[in-house]
Amino acid sequence: QLQASGGGLVQAGGSLRLSCAASGSTFSSYDMGWFRQAPGKEREFVSAIRWSGANTYYADSVKGRSTISRDNAKNMVYLQMNSLKPEDTGVYYCAADRMGVSRSPSRYGYWGQGTLVTVSS
């Protein structure tokens, strides 16, 4: 089970840290991803991290502004987002799977409920 939190209303240029709490004793074996979905749009890839934390991946739209990290001892994944833009607005979801990191939502078998990020201009 995954539960995302940390969303909110922020002005453009601000920062947010999203968290994803995972339950279960095998969290450290799962690759994790963050996706977002804006109103009327498809869910899109934001960032991902391998189970070990050794490799991270970012969408071009957030690269240089965001950092994904994980703490396997705490069963947590984080997404630090800086210099937020209005186009970053959406519901952010964390996802997990053991079949490798992917930019495609369909490759993830487990999803959290999402946390809303609203960036005002």
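Let me start with the ground rules. What we have is a predicted model, in which local features need pLDDT of at least 70 and side-chain atom pairs count only at pLDDT 80 or more, while totals for chains, interfaces and linings use all residues. Residues are numbered from 1 along each chain as its sequence is written, and side-chain values use heavy atoms, with hydrogens and water left out.

I begin with the disulfide, by which I mean a pair of cysteine sulfur atoms within 2.5 Å. A search of the whole structure turns up 1 such link, and the partners are cysteine 20 and cysteine 94, with an S to S distance of 2.1 Å. The pair ties together parts that are 74 residues apart in sequence, because cysteine 20 lies in strand β3 (residues 16-22) and cysteine 94 in strand β9 (residues 90-97). When I speak of strands, these are DSSP runs of E with at least two residues, numbered from the N terminus, and helices would be runs of H or I with at least four. The torsion about the S-S bond is 65 degrees, and the link is right-handed. Are the two cysteines buried or exposed? Taking buried as under 20% relative accessible area, exposed as over 50% and partly exposed as in between, with a 1.4 Å probe and protein chains only, cysteine 20 is buried at 0%, and cysteine 94 is buried at 1%.

Next comes the nonpolar core, defined as a set of buried Ala, Val, Leu, Ile, Met, Phe, Trp, Tyr and Cys residues joined through side-chain atoms within 4.5 Å. The largest one has 31 residues, and those with the most contacts inside it are Met32, Trp34, Leu79, Met81 and Tyr92. Two or more residues come from each of β1 (2-5), β3, β4 (31-37), β5 (44-49), β8 (76-81), β9 and β11 (115-120). For methionine 32, if we count a contact as heavy atoms within 4.5 Å and set aside residues up to four places away in sequence, the partners include Leu2, Cys20, Phe27, Ile49, Ile68, Val77 and Tyr108.

Tyrosine 78 sits in strand β8 and counts as buried at 13% relative accessibility. Beyond the residues up to four places away in sequence, tyrosine 78 touches Arg17, Leu18, Ser19, Trp34, Thr67, Ile68, Ser69 and Asp71.

Now for the loops, where two backbone angles deserve a mention. Asparagine 75, in the loop between β7 (66-71) and β8, has a phi near 55 degrees, a positive value in a residue other than glycine. This asparagine counts as buried at 16% relative accessibility, and, again leaving out residues up to four places away, it touches Cys20, Ala21, Ala22, Ser23, Gly24 and Phe27. Serine 83, in the loop between β8 and β9, has a positive phi as well, near 50 degrees, but is partly exposed at 40%.

Arginine 65 lies in the loop between β6 (56-58) and β7, and is buried, with a relative accessible area of 13%.

I finish with the largest pocket. On a 1 Å grid over the protein atoms alone, a pocket is an open set of points where a 1.4 Å probe fits, with protein on both sides within 12 Å along at least five of seven lines, and lining residues have an atom within 4 Å of a point. Grid points are joined across faces, edges and corners, and the volume is the space filled by probe spheres set on the points; here it comes to about 160 Å³. Which residues line the largest pocket? They are Gln1, Leu2, Ala22, Ser23, Gly24, Thr26, Phe27, Tyr30, Ala96, Tyr110 and Trp111. With Ala, Val, Leu, Ile, Met, Phe, Trp, Tyr, Cys and Pro taken as nonpolar, Asp, Glu, Lys and Arg as charged, and the others, Gly among them, as polar, the lining divides into 7 nonpolar, 4 polar and no charged residues.
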